[in-house]
Amino acid sequence: MNPSSKVVYLTFDDGPIPECTPQVLKILAQYGVKATFFMVGENAERYPELLAQVRAAGHAIGNHTYHHLKGYKTCTHTYVQDAERANNILQTTLFRPPHGRMKYSQKKALRLAGQTIYLWDVLTHDYNPCYSVEKMLSVVQRCTRNGSIIVMHDSLKAKDRMLLLLPLVIEWLQREGYQLGVLD
Ligand SMILES: [Zn+2]
C-alpha cells in the first residue's frame, strides 16, 4: 500500500471459526485496532454470528473463496463461481486467493467483477510449527515497512502460535509508531 504513510494492515485468513476468531476480536478490541478478515465462505455461512460480530466491530471483510480453492487446480469458471458464492454471504470487493496464487484468467475475471485483489508482503508463518513466537516476531520486525500487509490465520492450525504472537506484533507496531488500517 502507500509507502509514504506510516500505516500497516493486519489481515487474518481462513476464518471465521468459533475456536479462534472471538479471541482475535478480543485482542484487537483491547488494543483498539482494526483488521481485515479474508473469510472462507463456507465458514462464514456456518457461523453467521461470527461474521456479524467481525462486521459490527468495524473490521473489514474480504473474500477467500467459498471452499478455499487452489486456483491452479481449478478451472476459471468453477473458481469464479465459488468466489461469487462466497460473496453472496460476505458482500465485499476485497479478494485474496487461497495460497496467494491463481491463474491470470481468474484474476482477470474477478477484477472484471469489481474485486480488488490483495496479497501480502509480511508472512508470519503462524501455521508453521517450526516457527517459534520469537522467530515469527523477528520476521515481522525485519519485513514490515510503510504500507505493509501482514498476514496471520484465524485457523485451527495456526491459532495457538498466532494468539501469542498477535499482542506482541500490535505492541511492537504501536511502539514503532505505525497506525493500523483496514483494506478498502
Ligand atoms: Zn487461506
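Predicted model: local features only at pLDDT ≥ 70, side-chain atom pairs only at ≥ 80, totals over all residues.
Biologist: How do I read the sides of a helix? Which residues of helix 3 are buried?

Modeller: The general idea comes first. An α-helix has 3.6 residues a turn, so residues three or four places apart point the same way. In helix 3, residues 48–56, the buried ones are Leu50, Leu51 and Val54. Viewed down the axis of helix 3, these buried residues fall within an arc of 100°, so they line one face of the helix.

Biologist: What covers the buried residues of helix 3?

Modeller: The cover includes helix 1 (21–31), helix 2 (41–46) and helix 4 (76–90), along with strand 2 (36–39) and strand 3 (60–63).

Biologist: Which residues of helix 1 are buried, and which are exposed on the other side?

Modeller: Thr21, Val24, Leu25, Ile27 and Leu28 are the buried residues of helix 1. Down the axis of helix 1 they fall within an arc of 165°, so they too line one face. Lys26, Ala29 and Gln30 are exposed on the other side of helix 1. Strand 1, strand 2, helix 3 and helix 7 are among the elements that cover the buried residues of helix 1.

Biologist: How is a pair of packed helices described?

Modeller: By the angle between their axes and the distance between the axes. Here, helix 6 and helix 7 (residues 159–175) have axes that come within 10 Å and cross at roughly 40°. The crossing of helix 6 and helix 7 is right-handed. Helix 6 makes the contact through Val133, Met136, Leu137, Val140 and Gln141, while helix 7 uses Arg161, Leu164, Leu165, Leu168, Val169 and Trp172.

Biologist: Now salt bridges. How many are there?

Modeller: A salt bridge needs a side-chain nitrogen of Lys or Arg within 4 Å of a carboxyl oxygen of Asp or Glu. By this rule there are three. One joins Arg96 and Asp13, at 2.7 Å from N to O. This pair links distant parts of the chain, 83 residues apart: Asp13 sits in strand 1 (residues 7–13), and Arg96 in the loop between strand 4 (94–95) and helix 5 (104–112).

Biologist: Is Arg96 buried or exposed? And Asp13?

Modeller: Arg96 counts as buried because its relative accessibility is 0%. Asp13 counts as buried too, at 3%.

Biologist: Which other pairs meet in salt bridges?

Modeller: Arg145 and Asp121 meet at 3.5 Å, N to O. They are 24 residues apart and link distant parts of the chain. Arg145 is exposed at 54% relative accessibility, whereas Asp121 is partly exposed at 30%. Lys159 and Asp160 meet at 3.6 Å, N to O. Asp160 is exposed, with a relative accessible area of 55%.

Conventions. Residues numbered from 1 in each chain as written. Heavy atoms only, no water. Helix = DSSP H or I, 4+ residues; strand = E, 2+ residues; numbered from the N terminus. Buried < 20%, exposed > 50% of the residue type's maximum accessible area, 1.4 Å probe, protein only. Arc of directions from axis to C-beta. Contact = heavy atoms within 4.5 Å. Axes fitted to C-alpha atoms, helices over the stretch in contact; angles between N-to-C directions. Left-handed = near helix turned anticlockwise from the far one by under 90°.
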